[in-house]
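Subject: Structure for your files

Hello,

Here is the structure we talked about handing over. My notes on it follow below the entry.

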Amino acid sequence: MTAEIANAMVFGEAERQSIEQIQSFVDYSHHSWSVDELETVRSAIRAHYRNEQRGLCAYCRNPVSLQSPQNCHVEHIAPKSKYLGFMFEPKNLCVVCADCNTIKRDQEVHNDEPDTVQNGSRRRQYPRSSAAFRIVHPHFDRWDDHIERFGKYYCDKSAKGHFTIGACILNRQLRQFGWEPAIVDDAAIRELMNEYLNLADPAVQTSVLNRLMRLMIQLQ
Ligand SMILES: [Zn+2]
């Protein structure tokens, strides 16, 4: 099994120095992430993970922008407001699209950000395994193992998938605009659903299809 991100960021000497300097300030907090002095560090992180993730958002899998920073944001998988010690931990970083970023940031502002780490408050070291996280973790998990996507509809295949869909409101398109008939008629969707019917595990199949059908009935 290969995770989405094969290589974590390795900071160069200049980047490490910038980080250490910021960390030495008396008012160092998760807000320090945005200071001007870290501009080149943030930009290097963004470039690294944009490549590693082949230009796709770690959570919703929509494309992030390839040049502009506007739709390609550095994400802290264990939130920096709760885990200041992991703010520059390379395995805690990835890139996400503007919508996923805004949804997570609003949660941070309102202090209702879901905790992505199992037993998080007790952890001193950054966890090294998938099982330690509630969210689909791009350094440890394969997205496809946890979430299935039918056009704009995201369906969970595991508890992690469920958590991730909820935390990032991945079904935001349907929430905002409702179910578009064009999605149902889409040949690619039918193909995916057929593929799903051939899944080895009948329990997974049934639960996913039931959810999909319930959703379609609700939205009619
Ligand atoms: Zn996204």
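The zinc ion is coordinated by the SG atoms of Cys57, Cys60, Cys97 and Cys100, at 2.2 to 2.4 Å. Donors here are N, O and S atoms within 2.8 Å of the metal (3.2 Å for Na, K and Ca), and water is not among the atoms, so sites may look incomplete. This is a predicted model: local features need pLDDT of at least 70 and side-chain atom pairs count only at pLDDT 80 or more, while totals for chains, interfaces and linings use all residues. Residues are numbered from 1 along each chain as its sequence is written, and side-chain values use heavy atoms, with hydrogens and water left out.

The 4 donor atoms subtend angles of 103 to 119 degrees around the zinc ion, which makes the arrangement tetrahedral (for four donors, all angles between 85 and 135 degrees). Along the chain the donors follow the spacing C-x2-C-x36-C-x2-C. Cys57 sits in the loop between helix H2 (39–52) and strand E1 (73–76), and Cys97 in the loop between strand E2 (93–96) and helix H3 (98–109), so the pair, 40 residues apart, links distant parts of the chain. Helices (H or I, at least four residues) and strands (E, at least two) are DSSP runs, numbered from the N terminus. Cys57 counts as buried at 1% relative accessibility, and Cys97 does at 5%; buried means under 20% relative accessible area, exposed over 50%, and partly exposed in between (1.4 Å probe, protein chains only).

As for the chain, there are 8 helices and 4 strands, in the order α-α-β-β-α-β-β-α-α-α-α-α. Of its 220 residues, 46% are buried. Contact means heavy atoms within 4.5 Å; among contacts between residues at least 6 apart in sequence, 59% join residues at least 24 apart.

Ile45 belongs to helix H2 and is buried, with a relative accessible area of 0%. Apart from neighbours within four places in sequence, Ile45 is in contact with Met9, Phe11, Trp33, Val74 and Leu93. Ile45 and Cys94 are 49 residues apart in sequence, and their C-alpha atoms are 8.0 Å apart in space.

Regards

Key
Tetrahedral: all angles 85-135°; square planar, octahedral: opposite > 155°, others 65-115°.
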